[in-house]
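Visitor: I'd like to go through this model with you, one topic at a time. Can you put it up?

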Amino acid sequence: MATKMMERSSIRLEPKAVEDLRGRLRGLLLLPGEGGYDEARAIWNAMIDRRPALIARCLGVTDVVACVNFAREHALPLSIKGGGHNISGLAVSDGGLMLDMSLMRGVWVDPGARTAHAQAGCLLGDVDRETQLHGLAAVLGFVSNTGIAGLTLGGGFGYLTRRFGWSCDNVLSMEVVTADGRVVQASERENADLFWGLRGGGGNFG
């Protein structure tokens with residue numbers, strides 16, 4: 001039986017529940033001591049040394065939904081790692097469930113519409129590489145190994161900001177898994193309040 005100690009309480013994770021979650025994921029579910037666990041929990045700020053109870057290396061939205069539901073049902077703190085570049089280490093929490101999005105790095109560019117669709121684990125360099133193929137540039141930050149999700153949720157200041165605004169000003173829509181496990185679209189036309197909160201909200205809304 002795995003036991004996760006919190007500040008004033010103890011949350012017990014039955015092995016069967018953990019194995020059930022593992023069976024629902026396409027990606028890997030890592031526990032402390034398993035191969036790849038320490039590499040997956042590592043982030044840019046090496047001063048942060050936290051140990052999640054579980055790390056899910058998500059491969060798609062269905063994996064994310066399964067993990068969000070599991071965390072809610074078992075009262076686990078949930079953290080999300082994109083590029084892992086946040087200096088305060090928000091990507092990882094002690095004793096929680098960490099979603100490692102680093103395997104979801106697909107980028108699709110529509111040069112005619114001058115738009116790009118990027119998955120949550122993309123780094124700025126991933127997006128730059130694909131847009132430059134078409135002679136385009138996205139309004140992103142300065143450091144190519146920063147995650148696009150965290151940058152955009154936090155606002156996003158970069159080389160093109162003076163002319164085109166912040167990264168969040170250039171977002172057309174976002175696909176979001178909400179705390180109750182629903183998959184919703186957020187844009188100026190759908191869930192506009194959520195869309196407003198996501199752009200610069202610092203990761204508090206999705």
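Visitor: What kinds of residues make up the lining of the second largest pocket?
Guide: The lining divides into nine nonpolar, four polar and one charged. Ala, Val, Leu, Ile, Met, Phe, Trp, Tyr, Cys and Pro count as nonpolar, Asp, Glu, Lys and Arg as charged, and the others, Gly among them, as polar. This is a predicted model, where local features need pLDDT of at least 70 and side-chain atom pairs pLDDT 80 or more, while totals for chains, interfaces and linings use all residues. Residues are numbered from 1 along each chain as its sequence is written, and side-chain values use heavy atoms, without hydrogens and water.

Visitor: How much space lies in that second largest pocket?
Guide: About 180 Å³. Of its 14 lining residues, D128, A138, L140, G141 and Y159 are the closest to the centre. A pocket is an open set of points on a 1 Å grid over the protein atoms alone, where a 1.4 Å probe fits, with protein on both sides within 12 Å along at least five of seven lines; lining residues have an atom within 4 Å of a point. The volume is the space filled by probe spheres set on the points, which are joined across faces, edges and corners.

Visitor: Next, rings. How many aromatic pairs are there in the whole structure?
Guide: Three. Rings of Phe, Tyr and Trp (its six-membered ring) pair if their centres lie within 6.5 Å; planes under 30 degrees apart are stacked, over 60 edge-to-face, the rest tilted.

Visitor: Which type is F142 with F157?
Guide: Tilted, because the planes are at 55 degrees, with the ring centres 5.8 Å apart. F142 is in the loop between α4 (124-132) and α5 (148-153) and F157 in the loop between α5 and α6 (161-164), so the pair ties together parts 15 residues apart in sequence. Helices here are DSSP runs (H or I, at least four residues) and strands are E runs of at least two, numbered from the N terminus.

Visitor: And F142 with Y159, which type?
Guide: Edge-to-face, with centres 4.6 Å apart and planes at 80 degrees.

Visitor: Is Y159 buried or exposed?
Guide: Exposed, at 65% relative accessibility. Buried means under 20% relative accessible area, exposed over 50%, partly exposed in between (1.4 Å probe, protein chains only). F142 is partly exposed at 42%.

Visitor: Which residues do the ring pairs link into a cluster?
Guide: F142, F157, Y159 and W166.

Visitor: Changing topic: which residues of α3 are buried?
Guide: D63, V64, V65, A66, C67, V68, N69, F70 and A71. α3 is followed by A75, which has a positive phi, near 55 degrees.
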